[in-house]
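Please open the model in your viewer and keep the selection panel at hand. The tour below goes from one selection to the next and says what can be found at each stop.

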Amino acid sequence: MGTGVTATLLNRLPFQFPGLSVLADVVFGLNVVVFVVLLAATIARYILFPRLIKPTLLHPTQSLFIGTLPMGLATVADMLVYRFTSLPGGGGVRAARAAWWLWVVSAIAAAACAALVPAAQELLQQSRRPRRHEARGVTAAHLLPAIGPIVLAATGGVVASGLLSAAAAAESGETTAAADALPLARATVAASYALWGLGVPASLVVLAAYYRGGIGQEHRQPRHGRQRPPTSIAEAAVAMLAVGPCGRGAFGLLELAQAA
């Protein structure tokens with residue numbers, strides 16, 4: 001995800017200089033290669049070792065990262081729109097259509113992860129032994145299933161705008177593809193708003209529990225005379241996930257409003 005976002009930022013910087021677009025293309029190519037390799041490795045892992053599927057879903061941490069795959073694919077769709085929809089002839093229309101299909105696949109996967117991964121994990125855990133839920137057990141990693149729909153909602157706005165701009169620049173030989181752009185863009189915007197409505201409220205609930213657990217822990221420790229253990233680098237990095245839903249959610253609203 002980070003590699004894809006870096007390529008997008010390099011491409012969208014307002015201060016362009018010679019060689020920056022080439023650097024953005026190189027980083028984008030690296031992002032595609034890394035994503036394909038990791039996706040193939042993940043698929044091969046579960047094909048060769050199918051017994052690992054259930055332990056992964058039951059794991060309190062590993063299952064949360066399943067939703068990062070569609071988010072990584074969303075960065076590829078973003079860059080296809082930003083970089084290739086301005087190609088002359090029918091190249092721009094084909095790039096926009098490819099980005100749309102990537103968005104469809106990643107949006108379905110993200111929505112499925114957001115709805116099914118937490119539910120399946122909870123049902124399986126409760127079937128083993130009922131347990132009491134506490135806010136201090138919630139970490140920023142629990143945001144990952146909910147962040148996926150937010151990321152794909154923002155990407156939907158980018159893809160919808162790319163469909164319309166590519167159709168407007170299409171030549172006469174691409175009239176059919178251009179005529180299909182408006183219905184596709186409308187459906188994409190509508191589905192993206194639904195994804196936004198799925199991810200943002202869920203993220204706010206997790207954020208409330210996350211900060212409630214941290215604040216509650218701060219108030220409880222002095223009562224017992226204990227000091228808070230030092231924060232590790234990994235914990236500090238994971239805590240930065242908390243800014244994702246707000247930042248990406250706001251970006252998604254801007255992109256969807258522009259596309260609409």
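Select Trp100 to begin: at 14% relative accessibility this residue counts as buried, because buried is defined as under 20% relative accessible area, exposed as over 50% and partly exposed as in between, with a 1.4 Å probe and protein chains only. The model is predicted, so local features are reported only where pLDDT is at least 70 and side-chain atom pairs only at pLDDT 80 or more, whereas totals for chains, interfaces and linings use all residues. Residues are numbered from 1 along each chain as its sequence is written, and side-chain values use heavy atoms, with hydrogens and water left out.

Trp100 and Trp101 form an edge-to-face aromatic pair, with 4.9 Å from centre to centre and 75° between the planes. For such pairs, rings of Phe, Tyr and Trp (its six-membered ring) must have their centres within 6.5 Å, and planes under 30 degrees apart count as stacked, over 60 as edge-to-face and the rest as tilted.

A search of the whole structure finds two aromatic pairs, so select Phe28 and Phe84 next, whose ring centres are 6.3 Å apart and whose planes stand at 50°, which makes the pair tilted. This pair links distant parts of the chain, since Phe28 lies in helix α2 (residues 20–48) and Phe84 in helix α4 (residues 68–84), 56 residues apart. Helices (H or I, at least four residues) and strands (E, at least two) are DSSP runs, numbered from the N terminus. Phe28 counts as buried at 10% relative accessibility, while Phe84 counts as partly exposed at 24%.

Which residue forms a salt bridge with Arg83? Select Asp25: the closest N and O atoms of Asp25 and Arg83 are 2.8 Å apart, where a salt bridge is a side-chain nitrogen of Lys or Arg within 4 Å of a carboxyl oxygen of Asp or Glu. Asp25 in helix α2 and Arg83 in helix α4 are 58 residues apart and link distant parts of the chain. Asp25 is partly exposed, with a relative accessible area of 26%, and Arg83 counts as partly exposed at 27%.

The structure holds two salt bridges, and the next selection is Asp78 with Arg248, whose side chains meet at 3.4 Å, N to O. Here Asp78 in helix α4 is linked to Arg248 in helix α9 (residues 244–259), 170 residues apart. Asp78 counts as buried at 6% relative accessibility, whereas Arg248 is partly exposed, with a relative accessible area of 23%.

Move on to Leu48, which is in helix α2 and is exposed, with a relative accessible area of 62%.

Finally, show the whole chain, which has nine helices and zero strands. Buried residues make up 38% of its 260 residues. Among contacts (heavy atoms within 4.5 Å) between residues at least 6 apart in sequence, 81% join residues at least 24 apart.
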